[in-house]
Amino acid sequence: MSESNETSSKTNSDGLAEKTKILRDTLDLLLNKSIEQRRICEELKQENKYLQDYIDNLMGMGDVLSK
């Protein structure tokens with residue numbers, strides 16, 4: 001009976017280890033995706049700032065031409 005409990009315990013332990021590995025891998029993937037999304041967001045913020053400055057300059061040039 002003791003042998004059966006040890007086998008069952010080993011099987012449960014292996015199952016938990018596998019689930020833990022899957023969860024750790026999933027968390028790692030989510031973290032990497034989050035970091036990538038943050039990087040893309042920062043790039044887009046810079047592009048938006050550049051475009052806003054460009055539009056402001058165009059609008060300023062329009063004002064000069066209308067005077």
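Figure 1. Aspartate 25 has a relative accessible area of 37% and is partly exposed, a class lying between buried (under 20% relative accessible area) and exposed (over 50%), as judged with a 1.4 Å probe and protein chains only. The model is predicted: local features require pLDDT of at least 70, side-chain atom pairs count only at pLDDT 80 or more, and totals for chains, interfaces and linings use all residues. Residues are numbered from 1 along each chain as its sequence is written, and side-chain values use heavy atoms, with hydrogens and water left out. The side chain of aspartate 25 meets that of lysine 21 in a salt bridge, with 2.9 Å from N to O; such a bridge is defined as a side-chain nitrogen of Lys or Arg within 4 Å of a carboxyl oxygen of Asp or Glu. Lysine 21 is likewise partly exposed, at 44% relative accessibility. Both residues belong to helix α1 (residues 2-66), where 4 residues, about one turn of the helix, lie between their positions.

**Figure 2. The whole chain, for orientation.** The protein contains 1 helix and 0 strands; helices (H or I, at least four residues) and strands (E, at least two) are DSSP runs numbered from the N terminus. Of the 67 residues in the protein, 0% are buried. The protein exposes about 6,500 Å², of which carbon and sulfur atoms supply 60%; accessible areas come from the Shrake-Rupley method with a 1.4 Å probe, and for residues only the protein chains shown count as cover. Across the whole structure, 5 salt bridges are found.

**Figure 3. Lysine 49 and aspartate 53.** A salt bridge links the side chains of lysine 49 and aspartate 53, at 3.3 Å from N to O. Both residues lie in helix α1, 4 residues apart, or about one turn of the helix. Lysine 49 is partly exposed at 49% relative accessibility, and aspartate 53 is partly exposed with a relative accessible area of 34%. Elsewhere, salt bridges that share partners join Glu36, Arg39 and Glu43 into one network, which is the subject of the next view.

**Figure 4. Arginine 39 between two glutamates.** Arginine 39 is placed in helix α1 and is partly exposed, its relative accessible area being 39%. Arginine 39 forms a salt bridge with glutamate 36, whose closest N and O atoms are 2.4 Å apart. These two residues are 3 residues apart in helix α1, so about one helical turn separates them. Glutamate 36 counts as partly exposed at 33% relative accessibility. The side chains of arginine 39 and glutamate 43 are joined by a polar contact of 2.2 Å; a polar contact is a pair of N or O atoms within 3.5 Å, where within protein one must be able to donate a hydrogen and the other to accept it, and residues adjacent in sequence count only if both atoms are side-chain atoms.

**Figure 5. A nonpolar patch on the surface.** Tyr50, Leu51, Tyr54, Ile55, Leu58, Met59 and Met61 form this patch, with about 770 Å² of accessible area together. Patches are made of residues with over 30% relative accessible area and no salt bridge, like charges being joined within 9 Å and nonpolar side chains (Val, Leu, Ile, Met, Phe, Trp, Tyr) within 5 Å. Isoleucine 55, one of the patch residues, is found in helix α1 and is partly exposed, with a relative accessible area of 43%.
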